[in-house]
Structures are given as C-alpha cells and as structure tokens.
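Hi,

Here is the structure I promised to pass on. Please open it alongside this message; my notes follow below.

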Amino acid sequence: RPPPPPAPGPAVRAMRAAWGCGRSLGRAVLVRWSAPAAARRLCSEPAVERVTMPQITSENAFGTLDKWVAGVGDYVEAGAPLCEVTLDDGITIAVTAKSPGYLAEQAVPEGGGEVRVHDVIARMVRSVEDVGVLASPPTPPPPPDPEAEGAGAPAEAAKALTVALRELEEAGLMEPDTERAKKLRAMARHANPALLAAYEASFGESGNAATFNAKFFLREAREIAEEELASERSDKPREEGE
C-alpha cells in the first residue's frame, strides 16, 4: 500500500488560497484574499488580552484615563494596576490586569478625553518578544471596491505589501540586505498572489491593524521567497545548457 502524499506547506496553501478565489487579478478584490482556515488559526499568535474602559454600574457611559501606572513593555502580574480612570459618576478606580503579561500598547493617552465604556484602552501579550510586534503594526489593506477594474487593484496591493515590508525592516524584524529580502521586495512590487495571501492572513478575521501577526507574515514570506529563489536556481542551469 503506497504511503500518503506529504501535506502541502504553508506557501503552497497560501498560493492555493490566492488562486482558488476564482476572481480576476485585475479586480480590487485582490487586496482581500480569503486565507485557509489553518492559516487563520495561526493568526491567533500572539495571544492578545484587550483591556477595556470598565463599567461599574449600568449608569456609566464613559470614563477618562487619568494616569498610566504601567509602561509599554512592563511585566504586570494578574490583579496589578495598569492605569487609573475616572468614570462619569466621579468614581476613580484602578484598572487591573486579568492575567499576567506584558503591556504592549497604551491605546488611550493620559487625559485624552472621554472614552466609552467597553472601548479598548490597552492591550497585553504573554511574551516580551510580542511587545514590539504589537507596538507598530503595518496598515491593513483597504477594503475592496467592487467597481474598480484594471491596474488599480494590483497597484494598491503592491503598495500595501511594499509598505509592510519596509516597516518590518525599520522595526528590525527583517534583514534588508539579504538575497531573500531583495526577492521579497521585488515580489511585493508585482503584487505576488502568494505573498499577498500571506499578508492578508496575517490580520486574522477582523482585518484590524492591531491584530497584525508579524511573526506569521515573516514566516510565510520567507518560505515563499525561498521557494521562488530555489526555483530560479534550478531553472538557471537548464537555460545555460540551452
């Protein structure tokens, strides 16, 4: 009985997702590829805990953030204070962490005005390595325009990919001068479908910039670039022989 074929790798799954949409590459839907379910499950990393403006009574509608007790990158134990807020009934309370972790984002500045109850005021992660990933996420691709046709969609997709790669390089998460990085920049300029699918999957279901998973995108992008480079190397001897 022959052994089963090996499971396809992440880059192959991303390519299938891109080409399996059944839509024209010239349309604006190119910037919103559907990612495989397995890729979306990977997007849950890093685990993010959203801290919201509390509501003590049913009468509370908003609050103001008076002071941050913890700074970005600080480790905070469960139950330890993150900040102090004053609700619209005049009560001042400390907002505490529900579970231990690192403060990755202060979504509201001190004295920044009224914030509705249940709106996000901070985000926490479990690993200190994820603090920088969440601090400055790239801008998500714009929503699709059903009326757009022609070269507009690929141009927008190429711009989104190019900006994302540049921001990752500036954040020190990607080496800018390697052969792989140069290949990724070239693929971004041409809105490579597999790279675009991986980028889209990196935002998860919400498409919100705060949920961007740089680790997932870098892992997928590097594998896609390596496969492209390996393919070019294997084609070169055949061309020289001809």
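Among contacts in the protein chain between residues at least 6 apart in sequence, those joining residues at least 24 apart account for 68%. Bear in mind that this is a predicted model. The protein chain holds 7 helices and 8 strands. Of its 242 residues, 37% are buried.

Next, the aromatic rings. A search of the whole structure turns up 2 aromatic pairs. One is Tyr75 with Tyr102: the ring centres are 5.1 Å apart and the planes stand at 65°, so this pair is edge-to-face. Tyr75 sits in strand β3 (residues 75-76) and Tyr102 in strand β6 (residues 101-106), so the pair ties together parts 27 residues apart in sequence. Tyr75 has 44% relative accessibility and counts as partly exposed.

Tyr199 and Phe217 also form an edge-to-face pair, at 5.4 Å centre to centre and 65° between the planes. Here the link runs between helix α6 (residues 193-201), which carries Tyr199, and helix α7 (residues 214-241), which carries Phe217; the two residues are 18 apart. Both Tyr199 and Phe217 are buried.

Is Lys159 buried or exposed? Its relative accessibility is 55%, over the 50% cut-off, so Lys159 counts as exposed. The C-alpha atoms of Lys159 and His190 are separated by 9.4 Å, and these residues are 31 apart along the chain.

Best wishes

Notes: Residues numbered from 1 in each chain as written. Predicted model: local features only at pLDDT ≥ 70, side-chain atom pairs only at ≥ 80, totals over all residues. Heavy atoms only, no water. Buried < 20%, exposed > 50% of the residue type's maximum accessible area, 1.4 Å probe, protein only. Helix = DSSP H or I, 4+ residues; strand = E, 2+ residues; numbered from the N terminus. Contact = heavy atoms within 4.5 Å. Phe/Tyr/Trp six-rings, centres within 6.5 Å; stacked < 30°, edge-to-face > 60°.
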